[in-house]
Amino acid sequence: MFTEQDKVQIASQGISEEKIEQQIQHFIDGFPFLNVIRAATIGDGIVRVDEEQLPTYTRRYDEVAGNYTLMKFVPASGAATRMFKSLFAALDGKTDKSVEQFFARIKDFAFYEDLKAAMAAREHDIETAEPTTVLRFLLTEEGLNYGNLPKGLLKFHQYPDGPRTPVEEHLVEGAAYANSNGLVRLHFTVSPEHRDRFEQLIIEEKPDFEAWLGVAYDVTFSEQKKSTDTISVDLNNEPFRNADGDPGSLLFRPAGHGALIENLNDIDSEIVFIKNIDNVVPDDIKEDTVTYKKVLAMILIDAQQQLFRLQELLEADEVSDGYVAEADEFLQMTLFTNHPEAYNTYTKEEKIAYLKGKLDRPIRVCGMVKNVGEPGGGPFWAMNPDGSSSLQIVESAQFDMDNADQKAIFDTATHFNPVDLVCGLKNRHGKQYDLPRYRDMKTGFITQKSKDGKDLKAQELPGLWNGAMADWNTIFVEVPLITFNPVKTVNDLLREEHQ
């Protein structure tokens, strides 16, 4: 299938031929749907914390945070292009209500003064210019070039001392809950073409935020690895070749956010907070976000301490029946993992081996907000390859919607995951887990795309919080809707929460 030049190209991507053949086999076979049992709900897989308990959780977290290495991990490579979809359409003369709203409230955007200045520098008055001229200066290289920048670099929120980008909002948030003895570590995954601008922003702004908040920042960046790209195929599942037709012109594409499990795997930290770049709010409503991040982290720390204690007990030469029963109950009641049907037929030694295997895994606590019709993964109980069942974040594409029973389960979901995770990445000996080992590679996605006018099929790796974390210990906790304020379109910045 591959020429010598192809093999050189594959090697330069850092991918083995065996992996490529696996990917092509996935195109041929397709990915199986997940076997979902039921939706996770309050009292059946989703924990609800009483409001009276919140201060206790936050106080306890503040007391122990300094004992841990903490990191805030922010996927930030996403381009803002889709944010401006309706404005790009307006450039081509197709206007709608959202465009009218944009112009009616243009002065309420945090980037308004920058836009006005960019236009004035080219002798255009924003007040009297044609709408298409204003849009050109906003979206293209003629002005701010917002249509081609990542969301993290756009001005989102206005303050008396000037506007802030999402990157800066994450600096403020990080100081509030990812602060270990005054050190705040943040890691942004970025695209190579914009990395310099992210780094420059940090160089310029970090000293001011350190002085204001009384912390020291350690900010690092990484890019999606070339070795995580996947090969594309044509509609006959033959390797897709670029239009130039050179033998070495196989088309590789970035494999979605699931590829970031490799970046997360490179993070040296005991506790990692994961949150999307655009889910930030101004300071006056950050309090709930900070409270619940601390609550999620404390729930993780409590579970982890129990985990480590039980693992130690199960490794003794003589393990009492009581300890086996305690580990059994903890796995089912706290970590929401139900045993395979055959568990009751296991010998005591087999039960201990099974329990040790289940306890010795990375752990995550995931915030869940009430379902308001937003797209995204939902909380469900699903079957695992070993016959056990556990909590999984499941995307709609993983459901067999032609199966009436599975569709009915999907429709009963009461909550969804707003990408709000706190992760424990190290075992009880302080050694980092090898995170890619805990993926379910059968949970990838196949999508149809086109290039140079030719149809192709592309493959995404198991999503970061879906299949990439399928074999983690998982706890779902309800968090309030106010902690979820993504910016999907530019006019979302006009919502009260962002003003």
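K426 forms a salt bridge with D268, the closest N and O atoms being 2.6 Å apart; the term denotes a side-chain nitrogen of Lys or Arg within 4 Å of a carboxyl oxygen of Asp or Glu. The two partners are 158 residues apart and link distant parts of the chain: K426 belongs to the loop between strand 18 (420-424) and strand 19 (445-451), and D268 to the loop between helix 10 (261-265) and strand 12. Helices (H or I, at least four residues) and strands (E, at least two) are DSSP runs, numbered from the N terminus. K426 is buried at 14% relative accessibility, whereas D268 is exposed at 51%. Buried means under 20% relative accessible area, exposed over 50%, and partly exposed in between, with a 1.4 Å probe and protein chains only.

## Basis of the model

The model is predicted, so that local features need pLDDT of at least 70 and side-chain atom pairs count only at pLDDT 80 or more, while totals for chains, interfaces and linings use all residues. Residues are numbered from 1 along each chain as its sequence is written, and side-chain values use heavy atoms, with hydrogens and water left out.

## Further salt bridges

By the rule stated above, the count comes to 34 salt bridges. One of them joins R164 and D283, whose closest N and O atoms are 2.9 Å apart. R164 lies in strand 6 (residues 162-164) and D283 in the loop between strand 12 (271-275) and helix 11 (287-314), so this pair ties together parts that are 119 residues apart in sequence. R164 is buried, at 7% relative accessibility, and D283 is partly exposed, at 28%. Both residues also belong to a network of salt bridges that links R164, E169, D283 and K286.

Another salt bridge is formed by the side chains of R38 and D44, with an N to O distance of 2.7 Å. R38 is partly exposed, with a relative accessible area of 31%; D44 is likewise partly exposed, with 23%.

## Charges without a salt bridge

D229 is situated in the loop between strand 9 (216-222) and strand 10 (230-231). This residue is buried yet has no salt bridge, and the nearest side chain of opposite charge, K226, is 7.2 Å away. For charges, Lys and Arg count as positive and Asp and Glu as negative, while His and the chain ends are not counted. Leaving aside residues up to four places away in sequence, D229 touches Q13, I15, Q23, F252, R253, P254 and A255, where contact means heavy atoms within 4.5 Å.

On the surface, D50, E51, E52, E287 and D288 gather in a patch of negative charge. Patches are made of residues with over 30% relative accessible area and no salt bridge, like charges being joined within 9 Å and nonpolar side chains (Val, Leu, Ile, Met, Phe, Trp, Tyr) within 5 Å. Among the members, E51 lies in the loop between strand 3 (45-47) and helix 3 (54-64) and is exposed, with a relative accessible area of 62%.

## A buried valine and an exposed asparagine

V477 is part of strand 21 (residues 473-478) and is buried, with a relative accessible area of 0%. Beyond residues up to four places away in sequence, V477 touches I46, V47, V49, L296, I299, V365, C366, G367 and M368. From C-alpha to C-alpha, V477 and M83 are 29 Å apart in space, and 394 residues separate them in sequence.

N67 is located in the loop between helix 3 and strand 4 (70-75) and counts as exposed at 59% relative accessibility. N67 and S320 are 253 residues apart in sequence and 32 Å apart in space, C-alpha to C-alpha.

## Positive phi values

Most residues other than glycine have a negative phi. N181 has a positive value, near 55 degrees, and is not a glycine. N181 is found in the loop between strand 7 (179-180) and strand 8 (183-189) and is exposed, with a relative accessible area of 66%.

V419 also has a positive phi, of about 55 degrees, although it is not a glycine. The place of V419 is the loop between strand 17 (415-416) and strand 18. V419 counts as buried, at 6% relative accessibility.

Technical notes
Accessible areas come from the Shrake-Rupley method with a 1.4 Å probe; for residues, only the protein chains shown count as cover. The place of a charge is taken as NZ of Lys, CZ of Arg, CG of Asp or CD of Glu.
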